[in-house]
Amino acid sequence: MTQIVNFTIILNVSTRGISRLILKNRKKIIIFVVLRYVKLIFMKSLHKYHPLVRNAKGLYTCQMATNGLKESVVDIAQFHDFLNEYPQPPVRCHTHDFYVILVFQHGNGRHTVDMEEFEVEGKEVFLLAPGMAHSYECACRSGFGIFFSEELFNYFTPSLKAYVKRELFSLTKGPIHFKVPSNRKDKIETLQNQLAEEYAKGRGDGYYLESMGILVSALILEILRYCIMIGPKETITHTSAYNHYQLFTKSVETNFKSLHSVKEYASRLKLSLSTLNRSVINAGHQKPLCIINQRLILEAKKMLCFSPQMSIKEIAAELGFKDASHFVRFFYRHTALTPTAFRKKAFGAF
C-alpha cells in the first residue's frame with residue numbers, strides 16, 4: 001500500500017511538472033505543431049493528383065497538383081491504395097490532365113479507353129495520353145500506375161520526344177497496350193522496383209525529381225524498344241517532315257473544333273497544301289484529313305456519352321458544324337451510326 005501511495009504522489013508531481021512545462025512553452029509547442037502540419041500537407045500534395053472532379057460536361061477529371069511548379073512531376077500509386085479510396089467497382093470513367101502508364105500484374109477484368117473495351121488477363125501495360133477517358137472493372141488489385149507531366153519529356157532529344165509522343169501517347173492513335181513478354185518481364189520489374197524504392201525515399205536527398213524522371217524515361221524507352229521490335233522498323237530522324245507533323249498535330253488538338261479542312265491548317269501553319277500532306281503522310285503514316293476527322297469523331301463520342309444534357313444540335317454547334325444535319329451525316333459516314341443511335345447504344349456503359 002505504501003508503494004502505491006508513493007507512486008501516486010510521484011505521478012501527481014510529474015503530471016503537475018509536465019503541465020507547468022507545457023504552459024510555459026505553449027507558444028513554442030503550438031508553432032512547432034502548426035509548422036509540422038503545414039509541412040506534412042505540403043509534401044503530401046506536392047506530387048499527388050486531386051480526387052475525381054466532375055467537369056461542366058459531365059466527365060470526371062483527375063488533375064495533377066503541381067502547386068505552380070515548372071519542374072517535372074512524377075507520381076506512383078498502387079492499385080490497392082487507389083481501390084481503397086474508390087472501392088465501388090467499376091472505377092468510374094474519367095480523364096487525366098497528365099500522362100499515365102498502367103501496369104496490371106495479376107487478375108482479369110475489363111479496361112475501357114475512349115469507348116474501346118480491352119479484356120485484361122495477367123500482366124498487361126496500358127499507356128494513356130492526357131485527355132483519354134477510361135474506366136476499369138476488374139478483380140485485379142495487384143498493379144500500379146505511374147503519372148507524369150509534360151516536362152518529363154525534356155529528358156529526351158527533340159526527335160525522340162516527337163517519336164515517343166507519336167507512337168506511344170497519341171489521342172488519334174488510341175491507347176497503346178500489350179501483354180508483358182517473358183523476355184521483358186525482368187527488366188520492367190527491375191525498373192518498377194527501383195521506382196518504388198526511389199519514391200519511398202521522397203525528396204529528402206534533393207535528387208528525387210531527377211532520379212524519378214530518369215527511371216520513368218528508362219521505362220518508357222524499354223516499352224518503346226518492345227513496340228519497335230513488334231512493329232515496323234523505322235529510323236528516328238529530326239527532319240522537317242517531323243517538325244511539320246508535330247506542328248500540325250498540335251494545331252489539330254488546339255483548333256479541331258473550328259478548323260475542319262487541311263487547307264485551313266496549311267494556311268495557319270504557313271505551309272503549302274502539298275507540303276503539309278507530304279510531311280504528315282511521311283512522318284505520321286496517315287493523311288492529315290484522316291487525323292482531323294478522327295479527332296472530331298473521338299470528341300463527338302465523348303460528348304454523346306458523357307454529356308447527356310446536351311442535345312445533338314448543341315454538340316454539333318460545339319464541334320463547329322454549321323447545322324445538326326451536317327454533323328449527323330459526318331458522324332454516320334465515320335461510324336455507320338447516327339449520333340442518337342450511338343448515344344442509345346453507349347448509354348449506361350460508363
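1. Is E189 buried, partly exposed or exposed? E189 is partly exposed, with a relative accessible area of 26%; here buried means under 20% relative accessible area, exposed over 50%, and partly exposed in between (1.4 Å probe, protein chains only). The model is a predicted one, in which local features need pLDDT of at least 70 and side-chain atom pairs count only at pLDDT 80 or more, while totals for chains, interfaces and linings use all residues. Residues are numbered from 1 along each chain as its sequence is written, and side-chain values use heavy atoms, with hydrogens and water left out.

2. E189 has a salt-bridge partner in K123, with 3.1 Å between the closest N and O atoms. A salt bridge is a side-chain nitrogen of Lys or Arg within 4 Å of a carboxyl oxygen of Asp or Glu. The pair ties together parts that are 66 residues apart in sequence, because E189 belongs to helix α5 (residues 182–201) and K123 to the loop between β7 (116–121) and β8 (124–128). Helices (H or I, at least four residues) and strands (E, at least two) are DSSP runs, numbered from the N terminus. K123 is buried, at a relative accessible area of 15%.

3. Over the whole structure, the search finds nine salt bridges. One of them joins the side chains of R295 and E253, at 2.8 Å from N to O. This pair links distant parts of the chain, 42 residues apart: R295 is in helix α10 (residues 288–306) and E253 in helix α7 (residues 240–255). R295 is buried, with a relative accessible area of 5%, whereas E253 is partly exposed at 36%.

4. R295 also meets E299 in a salt bridge, at 3.2 Å from N to O. Both residues lie in helix α10, four residues apart, which is about one turn of the helix. E299 and R295 are both buried. Taken together, E253, R295 and E299 are linked in a network of salt bridges.

5. How do α10 and α12 pack? Helix α12 covers residues 324–335, and its axis and that of α10 are 11 Å apart, at an angle of about 105°. Axes are lines fitted to C-alpha atoms, for helices over the stretch in contact, and angles run from 0 to 180 degrees between N-to-C directions. The two helices are therefore roughly perpendicular; angles of 65 to 115 degrees count as such, those under 35 as roughly parallel, those over 145 as roughly antiparallel and the rest as oblique.

6. On the α10 side, the contact is made by N293, L296, I297, A300, K301 and L304, and on the α12 side by F327, F330, F331, H334 and T335. Contact means heavy atoms within 4.5 Å. The residues of this contact divide into seven nonpolar, three polar and one charged. In that division Ala, Val, Leu, Ile, Met, Phe, Trp, Tyr, Cys and Pro count as nonpolar, Asp, Glu, Lys and Arg as charged, and the others, Gly among them, as polar.

7. N293 is placed in helix α10 and is buried, with a relative accessible area of 14%. Which residues does N293 touch, leaving aside its neighbours within four places in sequence? N293 is in contact with F330 and H334.

8. The count of aromatic pairs comes to 16. Rings of Phe, Tyr and Trp (its six-membered ring) pair if their centres lie within 6.5 Å; planes under 30 degrees apart count as stacked, over 60 as edge-to-face and the rest as tilted. F153 and F156 form a tilted pair, 5.9 Å centre to centre, with 55° between the planes. F153 is buried at a relative accessible area of 0%, and F156 is buried at 10%.

9. F327 and F331 form another tilted pair, 6.0 Å centre to centre, with 50° between the planes. In helix α12 these two residues are four residues apart, or about one helical turn. F327 is buried at 0% relative accessibility, and F331 is buried at 0%.

10. One aromatic cluster is formed by Y99, F148, F153, F156 and F169.

11. R278 lies in helix α9 (residues 273–284) and is partly exposed, with a relative accessible area of 47%. Its C-alpha atom is separated by 9.6 Å from that of Y245, 33 residues away along the chain.
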